[in-house]
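Look at the sequence and the model below.

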Amino acid sequence: MLALPVVVVMLSVLQPQWQVWQHLAQTVLWDYISNSLLLAFGVGLGTLILGTSLAWICHHYEFPGRSAFEWLLLLPMAMPAYIIAYCYTGLLDFAGPVQTAVREQTGWAYGDYYFPEVRSLGGAILMLTLVLYPYVFMLARNAFRDQAQSLLEVSRAAGLSPTGYFIKVAVPMARPAILTGVALAMMEAFADFGTVEYFGVNTFTTGIFRTWFGLGNAQAAAQLSALLTTFVLLLLLLERGSRSKIKYYYQGHKHHSQNPQRPSALVSVVLLCCCLLVLAAGFLIPLLMLINWVWGTGLAQFNGQFLSLMWNSFSLALVAAFLVLVLALLFAYGRRLRDDPLIRMPVTLASMGYAVPGTVIAVGVMLPLAWFDKSLDALMQAWFGISTGLMFSGTLFALLLAYAVRFLAVSLNQVEAGLERIKPSMDQAAQSLGFGPLKSLQRIHLPIMKASLLSAVLLVFVDVLKELPATLILRPFNFNTLAVRTYELASDERLSDAALPALSILVVGILPVIILARAMNRESR
């Protein structure tokens with residue numbers, strides 16, 4: 001059932017919509033392909049450079065604030081890309097404070113000076129890079145931390161300079177982790193909808209939305225989704241293939257981690273400024289913009305409608321988080337009890353939804369549910385003379401199913417990590433005491449896995465809270481969330497009114513990032 005949306009999307013190509021494809025080929029199809037590829041590879045390059053450099057700085061050098069930046073530089077993960085896009089548009093647009101100050105100070109008028117256009121493909125690449133580089137930073141930092149001090153000493157004895165060691169030894173050894181982070185960032189770029197839609201950049205995600213709601217052709221939208229999914233799957237295959245033969249091992253189980261180097265005072269200041277600049281661009285400046293807008297509008301937005309939005313968002317995210325956790329527990333524990341291909345392959349297939357954009361999943365969920373609703377309604381009218389209406393496709397069931405497909409992998413990774421820390425001998429001891437699988441899970445595994453379960457719930461909760469395209473497409477009539485309301489207000493250029501729901505999403509999103517950072521620091525000790 002969880003694999004059905006992706007299967008439906010891929011099978012849609014068996015009934016091609018030739019007229020729609022001919023129209024798209026003559027108008028915007030090349031834009032969809034070229035912009036999507038440029039966006040994904042631009043974000044991949046940006047996160048590679050930014051994430052790897054910051055990880056090396058925080059690992060290799062001792063400078064003021066280094067320990068704080070190890071977790072502060074993860075905070076942009078809490079900033080949804082579409083929110084940072086709204087903030088920088090308000091800051092850098094023609095009517096924004098930056099250009100206004102330039103005109104006031106110089107006396108220039110419109111057309112007298114050049115200013116980069118933030119609402120462009122380059123602007124979208126920059127926005128996504130600023131919020132997605134933590135994927136690479138987190139994995140690269142852990143990879144650098146696992147490299148032994150002896151590697152550095154041998155490299156120096158061989159005559160390598162610090163730069164040579166970084167290029168020829170440290171980065172190649174961390175390459176599998178770095179490529180994994182880059183691939184995650186590129187998949188998020190392929191999946192982005194809010195940023196590119198607001199910036200007016202034609203990509204597959206915006207094309208799918210317009211084909212469905214503009215042309216009214218769900219089948220053609222599904223076929224566009226299949227093409228996008230093909231690009232994403234090719235990216236996954238390239239990423240796995242590029243590191244399939246790259247394996248590094250350490251001799252023995254214990255090694256001394258590398259000691260951070262103490263640079264000169266000038267270099268320390270430069271390193272501090274680099275970290276602070278990235279943190280400010282990716283988190284602090286957008287946060288201050290949101291606070292300023294909320295302060296300007298006062299409590300006018302804090303009304304009954306906003307409280308209803310909060311209730312809808314938090315209740316939906318909470319239900320989805322616990323639903324996904326139950327599924328993840330079922331799959332992970334089932335695989336622990338019986339780790340054979342009959343269990344492993346379906347679980348792997350069901351957890352691939354995270355690699356598929358939310359827009360694609362929404363299409364894949366809506367098509368079979370709409371068909372089932374229509375078939376059931378026709379059957380009930382023929383047999384009993386009553387109409388059942390949209391029992392599934394027009395309700396929160398469709399949205400919860402899409403969330404389960406999209407975010408199962410997030411929860412499953414946390415649950416499996418918690419289960420892997422429990423020795424199989426504990427299962428055997430419980431079995432010798434007469435405990436069955438369910439009782440062992442309840443009495444032994446769940447208490448030990450509390451931290452992993454909490455992380456799984458929090459991560460999915462925040463992901464659902466931030467999710468825009470699937471919610472925008474599948475939400476029932478007259479049902480709004482904070483993410484959708486933020487998008488609607490920003491689309492109407494009411495950026496100050498959109499600040500309060502955007503700030504609410506951001507504040508909640510910070511919590512799991514801090515928990516994740518603390519967990520990583522504990523593991524590194």
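Is Val365 buried or exposed? Val365 is buried, with a relative accessible area of 1%. Here buried means under 20% relative accessible area, exposed means over 50%, and partly exposed lies in between, with a 1.4 Å probe and protein chains only. The model is predicted, so local features need pLDDT of at least 70 and side-chain atom pairs count only at pLDDT 80 or more, while totals for chains, interfaces and linings use all residues. Residues are numbered from 1 along each chain as its sequence is written, and side-chain values use heavy atoms, with hydrogens and water left out.

**Val365 and its helix**

Val365 sits in helix α16. Helices are DSSP runs (H or I, at least four residues), as are strands (E, at least two), and they are numbered from the N terminus. Leaving aside neighbours within four places in sequence, Val365 is in contact with Pro5, Ala398, Leu401, Ala402 and Leu474. Contact means heavy atoms within 4.5 Å. Val365 and Val9 are 356 residues apart in sequence, and their C-alpha atoms are 9.0 Å apart in space.

**The pair α1 and α16**

Two packed helices are described by the angle between their axes and the distance between the axes. The axes of α1 (residues 4–11) and α16 come within 8 Å and cross at roughly 90°. α1 and α16 are therefore roughly perpendicular to each other. From α1, the contact uses Leu4, Pro5, Val8 and Val9; from α16, it uses Val360, Ile361, Val363, Gly364, Val365, Leu367 and Pro368. By class, these contact residues are 10 nonpolar, 1 polar and no charged.

Axes are lines fitted to C-alpha atoms, for helices over the stretch in contact, and angles run from 0 to 180 degrees between N-to-C directions. Angles under 35 degrees count as roughly parallel, over 145 as roughly antiparallel, 65 to 115 as roughly perpendicular and the rest as oblique. Ala, Val, Leu, Ile, Met, Phe, Trp, Tyr, Cys and Pro count as nonpolar, Asp, Glu, Lys and Arg as charged, and the others, Gly among them, as polar.

At least two residues each come from α11 (204–213), α16 and α21 (469–474). The lining of this pocket divides into 15 nonpolar, 3 polar and 2 charged residues.

Of these helices, α11 is mostly covered, with 8 of its 10 residues buried. Among the buried residues of α11 are Phe204, Ile208, Phe209 and Trp212.

**Cavities**

On a 1 Å grid over the protein atoms alone, a cavity is a set of points where a 1.4 Å probe fits but cannot get out; a pocket is an open set with protein on both sides within 12 Å along at least five of seven lines; lining residues have an atom within 4 Å of a point. Grid points are joined across faces, edges and corners, and a volume is the space filled by probe spheres set on the points. By this rule there are 3 cavities of 30 Å³ or more.

| Cavity | Volume | Lining by class |
|---|---|---|
| Largest | about 50 Å³ | 7 nonpolar, no polar, 2 charged |

Helix α9 (residues 162–191) supplies the largest share of the lining of the largest cavity, 4 residues. That lining includes Leu184, Glu188, Tyr354 and Arg406. The second largest cavity is lined by residues including Ser313, Tyr403, Glu467 and Thr481. α14 (304–337) and α20 (450–466) are the elements that give two or more residues to the lining of the second largest cavity.

**Loop positions**

Most residues other than glycine have a negative phi. Asn478, in the loop between α21 and α22 (482–491), has a positive phi near 60°. Asn478 is exposed, with a relative accessible area of 82%. Glu493 lies in the loop between α22 and α23 (495–524) and has a positive phi of about 65°. Glu493 is partly exposed, at 44% relative accessible area.

Pro64 is in the loop between α3 (29–60) and α4 (66–72). Leaving aside neighbours within four places in sequence, Pro64 is in contact with Phe69, Ser268 and Leu272.
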